[in-house]
Amino acid sequence: MSVHALEIILSRQLADSLSVPVFIVDPEGNLLFYNPAAEKVLGRKFEDTGPMPVGDWGTSFYPRDEEGNLLPPEALPLVETLSRKQPAHKTFWIDSLTGKSTKISVTAIPIIGRSHEFSGAMAIFWDTEAP
Amino acid sequence: MMKVRLHGTRGSYPSSSPETQGYGGNTPCVEISHGPDRIILDAGTGILGVDFDTDYPAARVDIFLTHLHMDHVQGLAFCKPLFTPGREVHLWGPEDGAEPLQARLNRFLSPPLFPIPLRDIPARLQIHELSGASELVLGPFRVTADYISHPGPTLGFRVECGSGVLAYLPDHEPVIGRSHLYPEDEWVSGIHLARNADLLIHDSQYSKKEYRHKAGWGHSSLNLAAEFCHRARARRLVLFHHDPAHSDAEITRMFKKFLSKTAYDFPMELARQGQEYTL
């Protein structure tokens, strides 16, 4: 098994240290990691879900707009960051894996290392109605 | 057969104290040879112990720098081949994505810190930047380099020669602020460089207790170094980059205490300046 790029490893270490939810994906959109804070919003531990392709995580949480319309994966900020290699931001609704509906704001940033290689992306998100 | 000689084992700054001469006071430099072919890893003050007159009949000298912290480049300023006209010196070091390696080296090797600007050094100097996951072949040596976890752009090296494999990660904090590595190998910095190596030379600057107060400084505890070796399935561990604030007696005491609480199945020892290994 190959080792992740150093900037991805360090991103996980950062995510592990944060109390805000963080999601990390590789350049193809495969979910590599989400931190314990994200587990609370998503409703399941990363150890239980494990890595997931974008087609799975992009739809598993039923992301939808204010009118309740399902958002396709390409409309999600993390997927937008993967395709444009630029930061992206959006507020939308998801259902956690336990079925709880939550309005979240997501900011995604590209992870580009010292050799200018695109290694993936990190999304920081939060429950907009949390105290 | 690949021979590995430790010319400098001390971290941070050189120490001339009599109490540090057992494990050595020179900062990192490791020389690798196979017959007449040689490469050098890091240019700490240990490089002053390399016998360039006798052991380097060929015009070319190759020096691989893990990073540019002073303890790893300080010996460059007084490295004989650099001041020998016609000598071909190749310096290999980490790309940082912003400033060329030559410009970064020039900050040190130029006035007022050093009297001679890099451009005036009489050797035929060639500077090569290595980015993540680089691989090159120099004579009998296959060198793989990749970024590892340490402040600033820092490389670890894997050197293969014949059937022998050396892994060199002298400044490395494979996990920051945790007492153990992540359980999945793909999340462990540098583990691919050390996989199944015959000899792993790894940072072990701190005791477990000291590390609790030094998380993020870029160095490992004895415990993390040994766990890293175990996970990489390297066959022998040399504990390197001794803290210059530690006397030989303190280092020995730390190591014995560590050994009394662990049960790894590979041999490990404290790096000692002048020690040579054959792989």
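Start with the lining of the largest cavity: by class it has 14 nonpolar, no polar and no charged residues. Here Ala, Val, Leu, Ile, Met, Phe, Trp, Tyr, Cys and Pro count as nonpolar, Asp, Glu, Lys and Arg as charged, and the others, Gly among them, as polar. About 190 Å³ of space lies in this largest cavity. To find its centre, select A:Phe23, A:Trp57, A:Phe92, A:Ile104 and A:Val106, the closest to it of the 14 lining residues. Then colour helix 5 (77–84), strand 3 (88–95), strand 4 (101–112) and strand 5 of chain A, each of which supplies at least two residues of the lining. Helices (H or I, at least four residues) and strands (E, at least two) are DSSP runs, numbered from the N terminus.

Before you move on, some bookkeeping. This is a predicted model in which local features need pLDDT of at least 70 and side-chain atom pairs count only at pLDDT 80 or more, while totals for chains, interfaces and linings use all residues. Residues are numbered from 1 along each chain as its sequence is written, chains are lettered from A and ligands numbered from 1 in the order in which they are written, and side-chain values use heavy atoms, with hydrogens and water left out.

The structure holds two cavities of 30 Å³ or more. On a 1 Å grid over the protein atoms alone, a cavity is a set of points where a 1.4 Å probe fits but cannot get out, and a pocket is an open set with protein on both sides within 12 Å along at least five of seven lines; lining residues have an atom within 4 Å of a point. Grid points are joined across faces, edges and corners, and a volume is the space filled by probe spheres set on the points.

For the second largest cavity, of about 50 Å³, go to chain B and select its lining, including B:His242, B:Asp243 and B:His246. Four nonpolar, four polar and one charged residues make up this lining.

Next, the largest pocket, with a volume of about 400 Å³. Of its 24 lining residues, A:His4, A:Ala5, A:Leu6, A:Glu7 and A:Glu117 lie nearest the centre. Show both chains here: helix 1 (6–17) and strand 5 (118–127) of chain A, together with strand 8 (141–147) of chain B, each supply at least two lining residues. Helix 1 of chain A gives the most, with four residues.

Now centre on B:Ser207, B:Lys208, B:Lys209, B:Lys257 and B:Lys261, which lie nearest the centre of the second largest pocket. This pocket holds about 330 Å³ of space, and its lining has three nonpolar, four polar and seven charged residues. Helix 7 of chain B gives the largest share, five residues.

Finish with the rings. Which residues do ring pairs link into a cluster? Select A:Phe23, A:Phe33, A:Tyr34, A:Phe46, A:Phe125 and B:Trp187 to see them. Rings of Phe, Tyr and Trp (its six-membered ring) pair if their centres lie within 6.5 Å; planes under 30 degrees apart count as stacked, over 60 as edge-to-face and the rest as tilted. By this rule there are twelve aromatic pairs over all chains. One of them is the tilted pair of B:Phe52 and B:Tyr56, 4.9 Å centre to centre with 45° between the planes.
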